Amino acid sequence: MRKDPISLITILTFLLVRGTRTFNITDVKTPSGWVRGYEENYTNGQVYRFIKIPYAEPPIGEMRFQKTRPIREWTDVKGIRDINGPQCPQVISPTPGFDTLQNDEDCLYLNVYVPGKISKDNQLSVMVWIHGGGFVFGGASQYKPQKIVLGGDVIVVTINYRLGLFGFLNLHDPLAPGNYGLWDQVEALRWIQKNIAAFGGNPKSVTIFGQSAGGMSVSLQTLIPSNEGLFQRAISQSGAVSFFAIAGEKAEEKTNEVLLRNTNCKRERVSETLSCLQNLPAENITEAVTLTEFVNPDNITAEIGSMTPTVDGYLIKKDLAYPENWDGGIYQFFRSIDFMSGTTDGEGNVGFFNIPQNVLTKLNVSATEAVPKSVLCKVLAPMFVQTGAGNIPSLTQEICDYYTAEGVDEQSNKVFEFYGDSWFIAPSNIMLSIHANNKENTKTFQYLFTNPSPFPLLPRELLPSWLKGAGHGDELHLLFIISRDHIPEEKLKTIDLADVDRLSMDFIQYWTNFAKFG
């Protein structure tokens, strides 16, 4: 049993020997309880990592499909020696360069990375990373932010949040209204406000940032007025509020129907249905619904509800993807913070992997050679108009006419330019325009990233040579430590790693300067 010291923060540093390795350990007293961090030494400094710190009660049993509950104060010491904590339940999908994490429904943890010696007097700016993954996969521990911590002298916190059905199942009843994953993010931010000063962080200088679905999450959190005071700045990378980020009610009903059929949990009363789902093994939920059950064989339409944020009447009161009035009260908090958003110039490249082969065969297309305008006019444009633009048929022809080019390669790139515009670039531009409109004391920034990564998330050897631009996620290796073990040695020799490091340093300076000064 520890005796609390008179001072508000006490740090105990001691050595732990495991075999031939020596670990410097730091115990920090936070308002929630003691946490343990482990020292990491680099040529340019020292980082303490605090891994698997709970910020909410475990979302298991009767807490599955329920709003997040804050963690109670603990009496033991939290924090593990491993570099990775668990991820929330999902279909395991290994990504080259990223650690493969273990699934655990008890997953509401965060990681804290602190530069140098810990002191409450440091008052460091704090950056909170919300990972991407389409709201269905990914985990906090896959993103190692030591480069940001040391390069920018900031504290970085990475958070888990519930994903897929666990995070967003909406039974259209107050008993299970959805958005549990968003509530998780909010609770993590509340925990940070309460505890980050103990690590030397400044709770009045918090920036949330995220990429893809993480960027969409960031933008959604900026549009929730009750979040005022939880953060002062936000960066949405390659993701903003869009038709993908807000599920439709019909799509949710279809998903729920499949879920209840495959789990045999359909009951007359919602309370009985919910109880049945809460008592199933987690893997039964994860495996109950697959993407193939929703894909339209004639195009790539796949509206999957109950796996993404929803209009729940609490956090999200209306479909924010289509703002009716830029001066609405909902944007008052949004305009009170500094906001940065942007994309890569080849966001649409991700669409190359999303067009089913049977669709290409039907159109007599060999995608590695070229993707003709017919794919845009008969597949991509109708899909967008149907799912994201109010199903106004005349828009399909307007899109088809606008994204036109003369050469074969140029037209192929135009097809995927539309994909990137509709999914990522237009939503980002709308958010930026709203933020910049009628504001006084805050700052609005836009960026465009044009440097293709030598370590892309999407294997470049699988992409055709005619596809241009920096792809979706190509900036992540500049911010985070991503393993290069999967890169052949001969290929590594052709990469100017010093140039990559210089660009990384510049990128981190831009991001951390924004976090400090806006």
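Guide: Welcome! One term before we look at the predicted model: a residue is called buried when its relative accessible area is under 20%, exposed when that value is over 50%, and partly exposed in between.

Visitor: How should I read a pair of packed helices in general?

Guide: Two numbers describe such a pair, the angle between the axes and the distance between the axes. For a case in this structure, take helix 3 (residues 180-195) and helix 4 (residues 213-222), whose axes come within 11 Å and cross at roughly 70 degrees.

Visitor: How are helix 3 and helix 4 oriented, then, parallel or perpendicular?

Guide: An angle of 65 to 115 degrees counts as roughly perpendicular, and helix 3 and helix 4 are therefore roughly perpendicular to each other.

Visitor: Which residues meet where helix 3 and helix 4 are in contact?

Guide: Helix 3 brings Leu182, Gln185 and Val186, and these meet Ser217, Leu220 and Gln221 of helix 4.

Visitor: Now to the cysteines. How many disulfides are there in the whole structure?

Guide: The search finds 3. Number the bonded cysteines in sequence order and the pairing reads 1-2, 3-4, 5-6.

Visitor: Let us go through them in turn. Where do Cys88 and Cys107 lie?

Guide: Both Cys88 and Cys107 are in the loop between strand 5 (77-78) and strand 6 (109-115), and they are 19 residues apart. Their sulfur atoms are 2.1 Å apart, and the 90 degrees about the S-S bond make this link right-handed. Cys88 and Cys107 are each buried.

Visitor: Which parts of the chain does the pair of Cys377 and Cys400 link?

Guide: Here we return to helix 10. Cys377 sits in helix 10 and Cys400 in helix 11, 23 residues apart. Their S to S distance is 1.7 Å, and the torsion about the S-S bond is about 60 degrees, so this disulfide is right-handed. Cys377 is partly exposed, with a relative accessible area of 21%, whereas Cys400 is buried at 6%.

Visitor: My last topic is the backbone. What should I expect of phi?

Guide: In general, most residues other than glycine have a negative phi. In this model, Asn179 has a positive value, with phi near 65 degrees, and Asn264 also has a positive phi, near 55 degrees.

Visitor: Where are Asn179 and Asn264 found?

Guide: Asn179 is in the loop between helix 2 (164-168) and helix 3. The place of Asn264 is the loop between helix 5 and helix 6.

Visitor: Which is Asn179, buried or exposed? And what about Asn264, buried or exposed?

Guide: Asn179 is buried, its relative accessible area being 0%. Asn264 counts as exposed, at 61% relative accessibility.

Visitor: One more loop residue, please. What is Ser32 in contact with, beyond its neighbours within four places in sequence?

Guide: Ser32 touches Ile71, Glu73, Trp74, Trp191, Lys194 and Asn195. Ser32 lies in the loop between strand 2 (21-30) and strand 3 (33-42), and with a relative accessible area of 2% Ser32 is buried.

Methods:
Residues numbered from 1 in each chain as written. Predicted model: local features only at pLDDT ≥ 70, side-chain atom pairs only at ≥ 80, totals over all residues. Heavy atoms only, no water. Axes fitted to C-alpha atoms, helices over the stretch in contact; angles between N-to-C directions. Helix = DSSP H or I, 4+ residues; strand = E, 2+ residues; numbered from the N terminus. Parallel < 35°, antiparallel > 145°, perpendicular 65-115°, else oblique. Contact = heavy atoms within 4.5 Å. Disulfide = S-S within 2.5 Å. Buried < 20%, exposed > 50% of the residue type's maximum accessible area, 1.4 Å probe, protein only.
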